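Me: I have a protein open on my screen and would like to go through it piece by piece. Could you help me read it?

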Amino acid sequence: MLTPVWTSSFFSRILSRAGIGGSVAEVQVVRPLTPTDRPILPTEVAGQEGADPAAAKQAEIIHVDLHAIASGDLDKNILLRPNDTVYVPPAAKFFVSGEARSPGAFAYTPGITVREAIIIAGGFSENASTGRIRLVREVEGKKKELKAKLDDPVKPGDSSSSRRNSSSELGGAC
């Protein structure tokens, strides 16, 4: 679900104050073309996928490239107007499980490697086999388990798992 944010400032202020960026590359601004008394969701805009034609609102959707603005390309910055609604999509995630010290879901950053993902998850546990790392990745619409090396890239939605070292004296499955 998209989260609305109300403001009448510049996006550069949003970036600096809210710390938005990282894995969020683009936000949408819905700018009403007629008076409105509430936020308008992108899916309510006439002509958009999922919009109900009978209830569709007249509005413009503006795509804002946050990475360009954060990199100093202020031509991409826009002035927000009253009644504009800013929608920030959920951040992409990757997952680490198995023999990591703090397994879980983490915000994806473009260019991250398996090594960096494991470091973010607290590093390998003492029982981890660094040579038995697997990635579960969606390929052509199907989940596939791939053998991974520490310098392999991680993609949004990937699930990384380190197996238990077979010489470990602790029993049990991971």
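Me: Let's start with valine 136, where is that one found?
Reply: Valine 136 is found in strand β7, and please keep in mind throughout that what you are looking at is a predicted model.

Me: Is valine 136 buried, exposed or partly exposed?
Reply: Valine 136 counts as partly exposed because its relative accessibility is 30%, and the buried class is kept for values under 20% while the exposed class is for those over 50%.

Me: And how far apart in space are valine 136 and leucine 146?
Reply: Going from C-alpha to C-alpha, valine 136 and leucine 146 are 6.2 Å apart in space, although ten residues separate them in sequence.

Me: What about arginine 137, where does it lie, and is it buried or exposed?
Reply: Arginine 137 also lies in strand β7, and it counts as buried because its relative accessibility is 14%, with the limit for buried set at under 20%.

Me: Which side chain does arginine 137 have a polar contact with?
Reply: The side chain of arginine 137 is joined to that of aspartate 158 by a polar contact of 2.6 Å.

Me: Now glutamate 140, what's its phi?
Reply: Phi of glutamate 140 is near 55 degrees, which is a positive value in a residue other than glycine. Glutamate 140 sits in the loop between β7 (128-139) and β8 (142-148), and with a relative accessible area of 78% it is exposed.

Me: Where is asparagine 83, and what is its phi?
Reply: Asparagine 83 has its place in the loop between α2 (66-70) and β4 (85-88), and its phi, near 75 degrees, is a positive value in a residue that is not glycine. Asparagine 83 has a relative accessible area of 40%, so it is partly exposed.

Me: Where does aspartate 65 lie, and how accessible is it?
Reply: Aspartate 65 lies in strand β3, which covers residues 59-65, and its relative accessibility is 34%, so it counts as partly exposed.

Me: Zooming out, how many helices and strands does the protein chain have?
Reply: The protein chain comes to three helices and nine strands, and if you read along the sequence they follow the pattern β-α-β-β-α-β-β-β-α-β-β-β.

Me: Last one, what share of the residues count as buried?
Reply: The protein chain has 174 residues, and 33% of them count as buried.

Definitions and conventions: Residues numbered from 1 in each chain as written. Predicted model: local features only at pLDDT ≥ 70, side-chain atom pairs only at ≥ 80, totals over all residues. Heavy atoms only, no water. Helix = DSSP H or I, 4+ residues; strand = E, 2+ residues; numbered from the N terminus. Buried < 20%, exposed > 50% of the residue type's maximum accessible area, 1.4 Å probe, protein only. Polar contact = N/O pair within 3.5 Å; in protein donor to acceptor, adjacent residues only side chain to side chain.
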